[in-house]
Amino acid sequence: MTRSYRIAVIPGDGIGKEVVPEGVRALRAAADAFGFGLDLVEYGFASAEYWTEHGRMLPEDWFDELSGHDALFLGAVGWPETVPDHVSLWGSLLQFRRRFDQYANVRPVRLMPGVTSPLAGRGPGDIDFYVVRENTEGEYSSIGGRIFEGTDREAVVQETVMTRTGVDRILRYAFELARTRDRRRLTSATKSNGISQTMPYWDERVARMAAEYPDVAVDQYHIDILTAHFVLNPDRFDVVVASNLFGDILSDLGPACAGTIGIAPSANINPERRHPSLFEPVHGSAPDIAGRGIANPIGQIWSASMMLDHLGEREAAAAVLRAIEDVLAGERAELTPDLGGKGGTASLGRTIAEAIPAAA
Ligand code: ATP
Ligand code: MG
């Protein structure tokens, strides 16, 4: 029996519907080249159309329906003209992350050939690291509230929650990732000189776990100076791990240092594989360019590569990534306008899919 994967394909809104077919095209090309099967099931929920028709973002039975899949392949959710962003996001993507316990948010930060970094003098090879963000607890707890409202004693409090399980599992994920890399370096971001309870606790758990990974070099930075080093010395980093809030900031700053938002991928991972993990580009639905066939499909195709890697198809994942690099290093005219080319979403997607067998 050939191995086969069942994937839920959720295009969502705006350019999500344009770039997802190109991600699927790359997946099919990789399946053909590497001899595995794909069972792709497309869903129209998590979109503004679904909201308009049903008054909610997801069907009642979404959890059971999606639980039967090996992974979720998502485009972009959000169409503010029809449904406010906080409603569409909380009603779909954030439900997936929470209910499927996708506690590791992973973004590669890598300067690709042919892409110009906003950081002067940086070329391919200079920027190549991962940001690993804790995705379920930390600063984004809803514990807190206001007191003495409307009086001159008015005050507001919001608590940060770090559990030992929550901190240790994200650190372990990051240490294990560092172990797969050549440089084997882990950088932890905190702010222990200012936030005196939770951040020193995180540092303590890092130090404890570092003893289990003598082969991984560990650095700790305060978040403020770390953001400066992202810009000034991005070559210092290999795997950067951070709490929910700090990771949120770093996982936008990182891809920005590596060029256009159109090519950056991301993964929301449940490492224990009790639930499906979710793969999506970093960008949103881009209403300003939607429907014109010019969106860059590379963020979606790179996300497909991350998904293949997670499914255990390492060689196929590497071939998809090489195909992206080869095309980026080739003829400029083939690329989409955000990369200075004259190509469209489908033509760039086809060019990359056709390059996959050669990269195999
Ligand atoms: P989010 O939905 O994550 O809050 P947003 O809606 O603020 O993000 P995006 O939809 O990512 O932002 O778009 C930000 C800008 O980047 C827009 O000008 C958009 O056109 C551009 N952009 C985003 N994705 C792509 C892409 N794949 N190709 C080309 N341009 C893109
Ligand atoms: Mg948006």
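1. How many residues of domain 1 are in contact with residues of domain 2? In this predicted model, 16 residues of domain 1 are in contact with 17 residues of domain 2, where contact requires C-beta atoms, placed from the backbone, within 7 Å. On the domain 1 side of this boundary, α5 (93–99) and β4 (104–110) each supply at least two residues, and β4 gives the largest share, seven residues. By class, that side has nine nonpolar, three polar and four charged residues; Ala, Val, Leu, Ile, Met, Phe, Trp, Tyr, Cys and Pro count as nonpolar, Asp, Glu, Lys and Arg as charged, and the others, Gly among them, as polar.

2. Domain 1 covers 1–112 + 260–360 and domain 2 covers 128–257, with bounds that come from an automatic or database domain assignment. The C-alpha centres of the two domains lie 26 Å apart.

3. Around ligand 1 there are 14 residues, the closest being G262, H283, G284, A286 and N296; a residue is near a molecule if its C-beta atom, placed from the backbone, lies within 6 Å of it. This shell divides into five nonpolar, seven polar and two charged residues.

4. Helices (H or I, at least four residues) and strands (E, at least two) are DSSP runs, numbered from the N terminus. Helix α1 (residues 16–34) has 19 residues and should span 27 Å at 1.5 Å a residue, which agrees with the 26 Å between its end C-alpha atoms; the expected span is 1.5 Å times one less than the number of residues. After α1 comes G35, whose phi is positive, near 70°.

5. Residues are numbered from 1 along each chain as its sequence is written, while chains are lettered from A and ligands numbered from 1 in the order in which they are written. Because the model is predicted, local features need pLDDT of at least 70 and side-chain atom pairs count only at pLDDT 80 or more, whereas totals for chains, interfaces and linings use all residues.

Terms used: Contact = placed C-beta atoms within 7 Å.
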